[in-house]
Protein chains: 6
Amino acid sequence: MFFHAQDLQFEARPDAPDAAFAARLQEVLGGKWGEMTVAMQYLYQGWNCRLPGKYKDLLLATGTEELAHVEMICTMIARLQEGAPLTVQETAQAENPMLAAVYGSANPQHSIVNGGGAYPHDSQGVPWSGAYITASGNLMADFHLNATAEMQGRVQVARLYEMTDDPGVREMIKFLLARDHVHQKQWLAAVEELKADGLDGMPVPEAFPVEQENGAFNKQIINFTDGSSLGEGGWTSELEVDKPVAHGDAPVLPPGDPRLYGTPPPGKS
Amino acid sequence: MFFHAQDLQFEARPDAPDAAFAARLQEVLGGKWGEMTVAMQYLYQGWNCRLPGKYKDLLLATGTEELAHVEMICTMIARLQEGAPLTVQETAQAENPMLAAVYGSANPQHSIVNGGGAYPHDSQGVPWSGAYITASGNLMADFHLNATAEMQGRVQVARLYEMTDDPGVREMIKFLLARDHVHQKQWLAAVEELKADGLDGMPVPEAFPVEQENGAFNKQIINFTDGSSLGEGGWTSELEVDKPVAHGDAPVLPPGDPRLYGTPPPGKS
Amino acid sequence: MFFHAQDLQFEARPDAPDAAFAARLQEVLGGKWGEMTVAMQYLYQGWNCRLPGKYKDLLLATGTEELAHVEMICTMIARLQEGAPLTVQETAQAENPMLAAVYGSANPQHSIVNGGGAYPHDSQGVPWSGAYITASGNLMADFHLNATAEMQGRVQVARLYEMTDDPGVREMIKFLLARDHVHQKQWLAAVEELKADGLDGMPVPEAFPVEQENGAFNKQIINFTDGSSLGEGGWTSELEVDKPVAHGDAPVLPPGDPRLYGTPPPGKS
Amino acid sequence: MFFHAQDLQFEARPDAPDAAFAARLQEVLGGKWGEMTVAMQYLYQGWNCRLPGKYKDLLLATGTEELAHVEMICTMIARLQEGAPLTVQETAQAENPMLAAVYGSANPQHSIVNGGGAYPHDSQGVPWSGAYITASGNLMADFHLNATAEMQGRVQVARLYEMTDDPGVREMIKFLLARDHVHQKQWLAAVEELKADGLDGMPVPEAFPVEQENGAFNKQIINFTDGSSLGEGGWTSELEVDKPVAHGDAPVLPPGDPRLYGTPPPGKS
Amino acid sequence: MFFHAQDLQFEARPDAPDAAFAARLQEVLGGKWGEMTVAMQYLYQGWNCRLPGKYKDLLLATGTEELAHVEMICTMIARLQEGAPLTVQETAQAENPMLAAVYGSANPQHSIVNGGGAYPHDSQGVPWSGAYITASGNLMADFHLNATAEMQGRVQVARLYEMTDDPGVREMIKFLLARDHVHQKQWLAAVEELKADGLDGMPVPEAFPVEQENGAFNKQIINFTDGSSLGEGGWTSELEVDKPVAHGDAPVLPPGDPRLYGTPPPGKS
Amino acid sequence: MFFHAQDLQFEARPDAPDAAFAARLQEVLGGKWGEMTVAMQYLYQGWNCRLPGKYKDLLLATGTEELAHVEMICTMIARLQEGAPLTVQETAQAENPMLAAVYGSANPQHSIVNGGGAYPHDSQGVPWSGAYITASGNLMADFHLNATAEMQGRVQVARLYEMTDDPGVREMIKFLLARDHVHQKQWLAAVEELKADGLDGMPVPEAFPVEQENGAFNKQIINFTDGSSLGEGGWTSELEVDKPVAHGDAPVLPPGDPRLYGTPPPGKS
C-alpha cells in the first residue's frame, strides 16, 4: 500500500524552457533504463520476493523512491515545454536561429497528445514496455541486474548533464547522479550479502549442481573471431582460450507433416 | 564478416518429440534473456567498441559463439515438433492422456506459421525485440549487463532442465549450462580487467566527477517502506539508512498554451 | 513522493493454488485495462495537471490507491502458482484429470522467467505498454477515459469472478468490484464538476469555437451501412440521419520525386 | 461486405506542401486515438455485437465512415510531402530559413520507406497497434470508450488546427472537427439509449449484483495523497472521503519450488 | 469512401463450437499474414498510388474485398466460441475428455477481454501491427510483396483446413483458398503488366542505373557456408559462385566524444 | 556454427561525419526491410529447411553474408556520428546553418543510449522485431518473400543514395545495391528451380488440391471499387472481372454466455 505526498523529493525546476531537451529527457523517464524501469523492477522483485526481511525491504524501499524520481522528471518535462514553438511559421518569424533546431527536435506528441506534459515513452516516442523489467525470483541474478540498471542509468544521466547548461536542470541531474551512485553501491553490496548469507553464489544459480553441467565445456573461452588479443586478458588466469570445434553433426531435419504443406523432402515430390 | 559451418557446435537431438516443450524452449531462443539477445548484444557491443584489442575480441568471439547456440536451439525445436497433434480430435482419439496437455500447451504458430520450425519469439509468442539489447559504449556498464544476461539465462536454462526428462534435450541443456557458467566468469573477469587497466570504476561512469554530484545525497539508503530490517544488511558498513524527507515544493505547473486546449487554469475559464 | 506500507490494502490469499487462473488474472494486472494502466494513467494525469486543488488531488489519491491493487494482484498470482505442474509427465502421472487443463493453460513464463511470480504482462503474455495510458492535459477527455477504464476493468473483473469458485480469490475480486464501482461514480461526478465549474463542456474541447467547425457536417449521422434501424435510436432527437455523399474529388496525387524511385507517372516511363 | 467509391468524403488538398506537418498529421491517422483506431474499433464492435438493430447499425455505419477519414488523411499526407527536402545539403543551400526546421522535423520514413506516402504509424513513427481498440461485448462500456475516443481525437485535431495556417489543411480539419462533434453526441446519446432500453446501467456491468461486491468498500473515495482539497468536490454528495487503512496482512509468500532455482527461504540455504 | 452491406461475402457458420480452433483462426485475422494485413496493405498502396487507372483500381478493389474477409472471420470466431468452458472445474466435471484440451488451448482474452468476440491479434494474442504492411510507392516491389502475402496466407489457411473437420468452417476456408488463389495470379499478372507497360523491371528499381552499382559485385553468389551444393542450382546459368573475400579493413573507430562517457580509447585513460 | 573475421566485407568509411544521415541509415539496418531482417530471415529459413542440399546452402550462405552487411552499416553509423552536436547551444553558436537541421534530425538515442554507436532500431527509433521475419517451411512462399525483401531493400538503399553526396557513403551504398541486385536474381532463380524440380508451383502451396477450393470463386477479380479501369489490365487474359455479390446472410450472433456480462440480447434484459 502506498501513500503520496505532493512535495517533491527534490526540486525539478528549469531556469528556462527547452522543448528539445524535454524530448531527450524522456529517455530517462520512459526508456529501457529510465526511472519507470527501476521503479517497477524493484517493486515487482519486492512483491515476488519469498524472503521476508532485509532484502525485501531494500527492494520495496528503493522501488518506492524511484516513483518519486518518475514524478520529478515528469514535472521537469512539463516545465521545459513552456512556450514550445507549435508551428514552423513561428519558428521562421523568430529572429532566434536556435528555434529551428528546437522545433525540429521537439517531440510532437508532447503537444499533440499530452498537451504539454510528459508520458511513459522514450526519447524517440517508443512506449515503455513491461518487457523492460525482470523479477526472476533469483535475487542474485536480479541484484546484478539492478546494479547494471543503475550503471546504464547513470551513464545516460551523465550524458544528459552534458547536453544542457540550464542550472535548474543540472541541479536535478546532480541529485539523480548521486542517487544512482548510492544505488550502484547498494546493489553490489546486496550481491555480497547474499554470498555472505550463503543464499547463492557463482555461477548463478549456484544450487544447480555443477557436476550436471557438461564438464568438457565449462573452463574455456572459445575464440570464434580472428582477433589475436584474447589471450592477453586477465580472464586467462581462470579460463583457457580454445579454438572452435564442432561437436554435433550437420542437422538433417525429419520430413514435415504433409498437412503443413511445407516443401516436401527429396524423393517425395 | 562471418563464415558458416553446417556442423553444430554441439548435438541438438531429442530422444522423443514433445511439442509442449518446444513451445517452452522458445523462451531461451527468442525471449528477453535468450540466445538471440546475447548473440546480438555482444556483436553490437563489439562493432561499436572503440578500443581495439582484447575487449573487442572477447565481445566478437562470444557473440559469434552465441549464434551457434541460436542455431542449435532452432534445430532442437524443429525436431521436438515431429508428430505434433494438429487437431483437438486426434488428441481425443488417442489413448494417451498426456496428449490433451501437449495440444493445449503447444504453440499454434509453430504449425500454422512456421510449418514445424522455430522462430525468434518467446515462449508466449511475443516477437524478439531489438530493445532487448544494449550497447552503451561504456564497457563497464555493458560487461555488468553481459554477466547479468548470463545469470538470467542460466537460471532459465536450469529451470527448463527440470521441466523435461528427455535425455537428448538434457544433454544439450548441460552444454548450455556449462557455457553460461564460463560466460558469467568471463564477463566478471572483464569487469575486473577494466578496473585493473584503469579504464573505468565505481560508480559507473567513473569519469563523471563525483564532486559534481549533489554530495548531500550520495551516502544514504532512504527507507521509503515501513519494513524494519533495512539496517540489518551489510550495506550499512558503507551507506547509512535515512528517513525520507521532501526537498522540493509541491509543483504548480504554469498555465498551458491555450492553443493546446487543455483545461484552463483557475480564473481563466 | 511516495511511502510504502507492507500491509496490503485488502487480503490477497487463495484457498488453493490454480496456475491456470493465475495466468488469466494477469489480464487485470498487466493488460490494457488492468491495474497497471489505471495506476499509471491517474498518476501521469495528476503530475501533468495544471490546476492545483481538488482535481489534481483526486487523480493522485486514486492513482496511488491503484498501486496498492497492483501489489495485491501480484501477491495473489504468486500464491496461485504454488505447486504448479512443471512437466507434462507429472501431469500424466497424476490421477487428477484437471491437471492437463491446468498445465495447458498455465503461463510458462510464470515459471521459466519469473520463478513463480507475477509480471506486468497480460493474460497472453504481451507486455504492458506505456501506450495504454493517456494524459492529454484536457481533464474532460481524461475523466471520461478514466470512467471508461473503470467500466472495462469492472467488466473484466466480473468475468474473472465467474471463472473461479475459490473463496479467497472471490473475496479479493469482490473488493476490486466495489472499488471499480466507486471509481466509476467518482469520474462521472468529476465530469459533472468540470461542467459546473465552467471549465469545459460538450463537444470536448469546448474552447474550440464551434463556428470554426464546418457547419454543414456537425448535425447528422451519416448512414454508411445498409442497416435500416438507424432512425429508431433516441439520437434522432438531436441529430438527423443522412445518406452518404461524396464532397471531394477522386484524388490524383502529384508525380513523386524521381529520387524516390517510385513507379513513374503515366507518360514518364 | 464493403464497396469503395474513389471520390473522397471531403476534400483533402493543402495549399502548399509542408513535410513537417505531414509528420505531425500521422498522429490522427495511425496514433492511439487516430482514425485507424475509431474505424477498426467501431467495426469490430459492430461485428461482435450480439444485438441486431439500431446499435449494430450505428457501429457499422460510423466505423465505415471512419475508413473514409483514414483515406482523406492519407491523401493529405501524400500531398503535403511534395518537394520535401531530401538532403541536409539542399536544406543549407536554400535561402528559406524554415527549411532546416522542416528537414529536422519531417518523418524520414515518409521518404525512405513510403516513397512520399502515408502509413499507419503515429507522429513519432510507432506502428498502429491492434491493442489500441477494444470491443468488449458490453455496449455500455464500449460506447463510453467511443465517446472518449472522439473527445481525445477532437482535442488532437483542434491542436493540429493551431499548428498550421494552410487554408486547405484547415478546411479538412474543420470537417473532421464537425464529425468528431457529431460522434461525441451520438455515442453519449447511445449511452442514454442503452439505459432507456433497460440494457445496462451504472455501475457497468449493472448485471453483476451489487450485493456481491464487498459492501464495506463501495461508498468512499480513499485519500491516498496529502492534498487537502478532496472534500471540496461535488462527488462528496454521493461518496464520502476516507483515510487509507490496511485490511490485509503484509504478505509472506510460500517457499518456491526448488526446481525453479529462486533464492531459497530462510533456513533452507 | 466506403459503403457497408450487412450481408456477408460468403457464409461464416461453423457446424459446432470449437473455442480452441477460434484461437487458432485468429492467426489469419490479426497475424502478420492475415486478412487485416492484406486489407490495409492494398488500401494504403491504393491511396498512395500516384498512377490513376488500372493499377490503382486493382489495389482498391482487392483491399476492399479483404475487408469483407476480415468481417467473415470475425463472425466465424464469435460463433466458434459459443459455450466455451470458462472454468477448469467445468472442464473436469464434463465427461468429454476433449474439453481439457479445448480449455488449455482456448484464448483467455476471447472471454475476459472480448466477451466472446474476435479482435485484431494473432493466434498467440500479439496485437496486429501497422508495421506488418508496406506501401513503398514502388509498385513492382509492392506487387511482389502482395503475391507473397497471398502465398503465405494460402499456406496458413491450408494448414488450418487440416486442423479442423467442421464442415461449416471448411466451407469458409475453401472460399478463402479460392480467393487467395485468384489473388496470387492477379498480383503476378500485375508484375508482368508493369514490365509490359515499361514502368519498371529487374532489378527493382530499374530506374536506378546499374552502372552506378559497384560492378565488381553484381554477378556472383558468395558462398559463406561450407555446404557444397551451391553450384548445383539453376542460378549458375546467370550467376557465378564465388568464395568470400574481405574488401575492407578491420574497422578502428575514432575515440568517442568524452562527454558521452564511453570507455576511453587506449592511452586516454 | 559461425566464425568471424574482423576485416569487413567492404569498406564502410564516410568522408565526413553526418549525424542526420546516420539516423536515416538506421532504416536499412534495423528497419522492417533492413539487413537484420534479411540476415535473420535467411538463417531461420535455412535452419528450418527440411531439404538438405542446394536450397539450404543458398539460404545459409546468403544469410551469413547479410550478417557482414549488418556489421558494415553499424561501422558506418558509428563513424557518421563523430562530432555530432550534443546541445542546441553549440548548434546556435556555430556559423554553419546546416547544424540546426542536423541537430533536429539526428537520433538522440545515438548519443544518450548508444554513446555514439548503432543499434537494431529503424530510422524512427522503433526496435527491430522478430515479427519482421518469416520462415514458413514452404520454400516457394519464402523465396518469393526473399525476392521481395531484396526489392524493398534495394528501393530504400537507392533512396538513401540520393540523400547524401558523401563519396565514402556512396561507395558502400553502391556495393549494397550490387548485392541486392544479385540477391533479387538469385531468389527469383530459386523460385524457378523449385518449379523445375517439381517441388511446388502455383498457386502456392500447389500440394493443396485445387479441387478442394470453392471452384465458383477461383477465376475472377471482383471489383469492389468504382474505378472503371480494371478490365484494361493484362490479368483479364487469365481472370475475369466480376461484380461483387453477397453469398452469406447478414450474421446474427447467438446470445452470449451471461457470465461474460455482455449486453444481453433483445428480450433478455
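**Entry 1: the fold of chain A**

I read chain A along its sequence and noted the pattern β-α-α-α-α-α-α-α-α-α-β-β. The model I am working from is a predicted one. My tally for chain A is 9 helices and 3 strands.

I looked up how far chain A extends. Its C-alpha trace spans about 70 × 60 × 45 Å along the principal axes. I then compared the radius of gyration with the value for a compact globule. Chain A has 25 Å, whereas a compact globule of 269 residues would have a value near 18 Å.

I next asked what share of the 269 residues in chain A is buried. The share is 72%. I also checked the contacts in chain A between residues with a separation of 6 or more, and I found that 72% of them join residues 24 or more positions apart.

**Entry 2: surface and charges of chain A**

I recorded an accessible surface of about 7000 Å² for chain A, with 51% of it belonging to carbon and sulfur atoms. For the charges, I noted 18 positive and 35 negative ones in chain A.

**Entry 3: chain A with chain B**

I turned to the contact between chain B and chain A, which takes 102 residues from each of the two chains. Together they bury about 9000 Å², and carbon and sulfur atoms carry 63% of that area.

**Entry 4: chain A with chain F**

I then examined chain A against chain F. Here 41 residues of chain A touch 47 residues of chain F. The two chains bury about 3500 Å² between them, 60% of it on carbon and sulfur atoms. On the chain A side, A:Gln124, A:Tyr261 and A:Thr263 lose the most area to chain F, and together they make up 20% of what that side buries.

**Entry 5: helix α6 in chains D and C**

I looked up helix α6 of chain D, residues 98-105. I listed the buried ones as D:Ala100, D:Ala101, D:Val102, D:Tyr103, D:Gly104 and D:Ser105. They pack against α1 and α5 of chain D, α5 and α6 of chain A, and α1 and α6 of chain F.

I repeated the search for α6 of chain C, residues 98-105. This helix is largely enclosed by the rest of the structure, because 6 of its 8 residues are buried. Those residues are C:Ala100, C:Ala101, C:Val102, C:Tyr103, C:Gly104 and C:Ser105. Their packing partners are α1 and α5 of chain C, α1 and α6 of chain B, and α5 and α6 of chain E.

**Entry 6: F:Lys54**

I located F:Lys54 in helix α4 of chain F, which covers residues 54-80. Is F:Lys54 buried or exposed? Its relative accessibility is 15%, and buried means under 20%, so F:Lys54 counts as buried.

I then listed its contacts, leaving aside neighbours within four places in sequence. From chain E, F:Lys54 touches E:Ser229, E:Leu230, E:Glu232, E:Gly233 and E:Trp235. From chain F, the partners of F:Lys54 are F:Glu193 and F:Asp197. Finally, I noted that F:Lys54 and F:Ala190 are 136 residues apart along the chain, while their C-alpha atoms are separated by 9.6 Å.

Terms used. Residues are numbered from 1 along each chain as its sequence is written. Chains are lettered from A and ligands numbered from 1 in the order in which they are written. This is a predicted model: local features need pLDDT of at least 70, side-chain atom pairs count only at pLDDT 80 or more; totals for chains, interfaces and linings use all residues. Side-chain values use heavy atoms; hydrogens and water are left out. Helices (H or I, at least four residues) and strands (E, at least two) are DSSP runs, numbered from the N terminus. The radius of gyration is taken over C-alpha atoms; the globule rule is 2.2 Å times the number of residues to the power 0.38. Buried means under 20% relative accessible area, exposed over 50%, partly exposed in between (1.4 Å probe, protein chains only). Contact means heavy atoms within 4.5 Å. Accessible areas come from the Shrake-Rupley method with a 1.4 Å probe; for residues, only the protein chains shown count as cover. Lys and Arg count as positive and Asp and Glu as negative; His and the chain ends are not counted. The place of a charge is taken as NZ of Lys, CZ of Arg, CG of Asp or CD of Glu. Buried area is the accessible area (1.4 Å probe) that two parts lose on being put together, summed over both.
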